Amino acid sequence: MKPISEREIRASFVNCTKGEAKRLAIPRDLDARPWEDLDFLGWQDLASPGRAYLVAEQGDRLVGVALRRAASSAGQVRRSMCSLCLTTHSGDGVSLMTARRAVGGGNSVGAYMCTDLACSLYLRGKKDVGPGGRMPESLTLEEKISRTGANVSEFLQKVTQ
């Protein structure tokens, strides 16, 4: 992904008002992000743990969506798989994230995602998920990256339709 500015990020949001996009918490470390290793920019709102954001390149434009994280089930030890990058996590490493549709009123779209939205780094081995986090596959890294990109695009299409 190419580096993007705060202004570009705020302008990319499709499922919230301009006022909401203006007020959302943008990461302060944009200059330090490993852009060459990112397939999309994702982050959690540190001031509001139930909120997260995802911005990805879709064709020649950026598409950003505001996400809500479902409350985790306290006390349950389980392994779950991210539907974007297919990384498995234990505990609360995967969360159900929902996004209000950009059109059509109150409908929403949901997917299980890495809670920290660091899918790109897990794929590339830049962030360790621990034992059993990445299942052995015969796909090349490029094929895994392509699959993740397709999964992100599919999710964003559901939000924008």
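1. The sulfur of Cys114 has its closest cysteine sulfur in Cys85, at 3.6 Å, which is too far for a bond. A disulfide, as the term is used here, is a pair of cysteine sulfur atoms within 2.5 Å. In general, a disulfide is a covalent bond between the sulfur atoms of two cysteines. Cys114 counts as buried, at 0% relative accessibility, where buried means under 20% relative accessible area, exposed means over 50%, and partly exposed lies in between (1.4 Å probe, protein chains only).

2. This is a predicted model, in which local features need pLDDT of at least 70 and side-chain atom pairs count only at pLDDT 80 or more, while totals for chains, interfaces and linings use all residues. Residues are numbered from 1 along each chain as its sequence is written, and side-chain values use heavy atoms, with hydrogens and water left out.

3. What is the closest cysteine sulfur to the sulfur of Cys82? It belongs to Cys119, at 3.6 Å, and this too is too far for a bond. Cys82 is buried, with a relative accessibility of 0%. A search of the whole structure finds 0 disulfides.

4. The structure holds 2 aromatic pairs, a pair being rings of Phe, Tyr and Trp (its six-membered ring) whose centres lie within 6.5 Å, with planes under 30 degrees apart counted as stacked, over 60 as edge-to-face and the rest as tilted. One of them is formed by Phe13 and Tyr53, which lie 5.9 Å apart centre to centre with 85 degrees between the planes, and so the pair is edge-to-face. This pair links distant parts of the chain, 40 residues apart, since Phe13 sits in the loop between α1 (6–12) and α2 (18–23) and Tyr53 sits in strand β2 (residues 51–58). Helices (H or I, at least four residues) and strands (E, at least two) are DSSP runs, numbered from the N terminus. Both partners are buried, Phe13 with a relative accessible area of 8% and Tyr53 with 4%.

5. Trp43 and Tyr53 form a tilted aromatic pair, with 5.3 Å centre to centre and 35 degrees between the planes. Because Trp43 lies in strand β1 (residues 41–44) and Tyr53 in strand β2, the pair ties together parts that are 10 residues apart in sequence. Trp43 also counts as buried, at 5% relative accessibility. Through these ring pairs, Phe13, Trp43 and Tyr53 are linked into a cluster.

6. The largest nonpolar core has 43 residues, and those that touch the most other members are Leu41, Leu54, Leu67, Met113 and Phe155. A nonpolar core is a set of buried Ala, Val, Leu, Ile, Met, Phe, Trp, Tyr and Cys residues joined through side-chain atoms within 4.5 Å. Among the elements that give two or more residues to this core are β3 (61–69), β7 (108–114) and α4 (141–160). Leu41 touches residues including Met1, Ile4, Trp35, Tyr53 and Leu54, not counting residues up to four places away in sequence; contact means heavy atoms within 4.5 Å.

7. Is Pro3 buried or exposed? Pro3, which is placed in the segment before α1, counts as exposed, at 55% relative accessibility. Leaving out residues up to four places away in sequence, Pro3 touches Glu8 and Trp35. The C-alpha atoms of Pro3 and Leu41 are separated by 9.6 Å, although these residues are 38 residues apart along the chain.

8. Gln58 is found in strand β2 and is buried, with a relative accessible area of 18%. Gln58 touches Val63, Ser153 and Leu156, not counting residues up to four places away in sequence.
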